[in-house]
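User: I would like to learn how to read ring contacts and overall fold from a model. Can we start with the rings?

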Amino acid sequence: MIQPRQPAHKIWINDLLNSSYLPGEGEFEPHFFIVHGKKISRVNLIATVINKYESDAYSYLDLDDGSGTLRAKFWAEDIKFVKKVNLGNLILVVGKCRKFNNEIITIKMIMSGIAFDILFI
């Protein structure tokens with residue numbers, strides 16, 4: 001049976017880091033984190049890129065939203081997105097959350113840079 005898409009919740013990274021983890025039962029079952037009494041499997045984060053790693057098969061961005069840090073991981077065809085990002089960029093990431101090797105990560109589904117048009121007088 002196909003699972004319905006879970007909503008992406010806007011939360012602080014620190015709330016995710018201090019939550020309880022419920023792994024998915026099957027390969028395609030969602031993994032959940034219990035944050036403020038809600039089961040969350042997808043997040044919608046706005047954060048600053050504080051570290052970047054690139055290779056041919058795997059890349060990641062370390063993100064900081066002011067409350068904590070989280071790693072966004074990229075494989076295969078998604079690596080091209082990491083090449084466009086610079087340290088200090090503010091980005092929006094919508095992705096699935098997982099626990100991998102005792103580290104909470106997000107797997108990118110949507111990523112976008114955030115531009116500010118500011119006029120200083």
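**Charges and rings**

Analyst: R71 lies over the face of Y60, at 3.7 Å from the ring centre. This is a predicted model: local features need pLDDT of at least 70, side-chain atom pairs count only at pLDDT 80 or more, and totals for chains, interfaces and linings use all residues. Residues are numbered from 1 along each chain as its sequence is written, and side-chain values use heavy atoms, with hydrogens and water left out.

User: What makes a charge sit over a ring?

Analyst: NZ of Lys or CZ of Arg must be within 6 Å of the ring centre and within 35 degrees of the ring normal. Another case is K39: its charged end sits over the ring of F32, 4.5 Å from the centre.

User: How many aromatic pairs does the structure hold?

Analyst: Rings of Phe, Tyr and Trp (its six-membered ring) pair if their centres lie within 6.5 Å; planes under 30 degrees apart count as stacked, over 60 as edge-to-face and the rest as tilted. The structure holds five such aromatic pairs. One of them joins Y21 and F33, tilted, with 4.9 Å centre to centre and 45 degrees between the planes.

User: Which strands hold Y21 and F33?

Analyst: Strands (E, at least two residues) and helices (H or I, at least four) are DSSP runs, numbered from the N terminus. Y21 lies in strand 2 (residues 20-22) and F33 in strand 3 (residues 32-35), so the pair ties together parts 12 residues apart in sequence.

User: Is F33 buried or exposed?

Analyst: Buried means under 20% relative accessible area, exposed over 50%, partly exposed in between (1.4 Å probe, protein chains only). F33 is buried at 1%. Y21 is partly exposed at 22%.

User: How are Y58 and Y60 arranged?

Analyst: Y58 and Y60 form a tilted pair, 6.0 Å centre to centre, with 55 degrees between the planes. Y58 is partly exposed at 22% relative accessibility, whereas Y60 is buried at 14%. Ring pairs link both into a cluster with Y53 and W75.

User: Now the fold. In what order do the elements run?

Analyst: The protein has two helices and nine strands. From the N terminus on, they run β-α-β-β-β-β-β-β-α-β-β.
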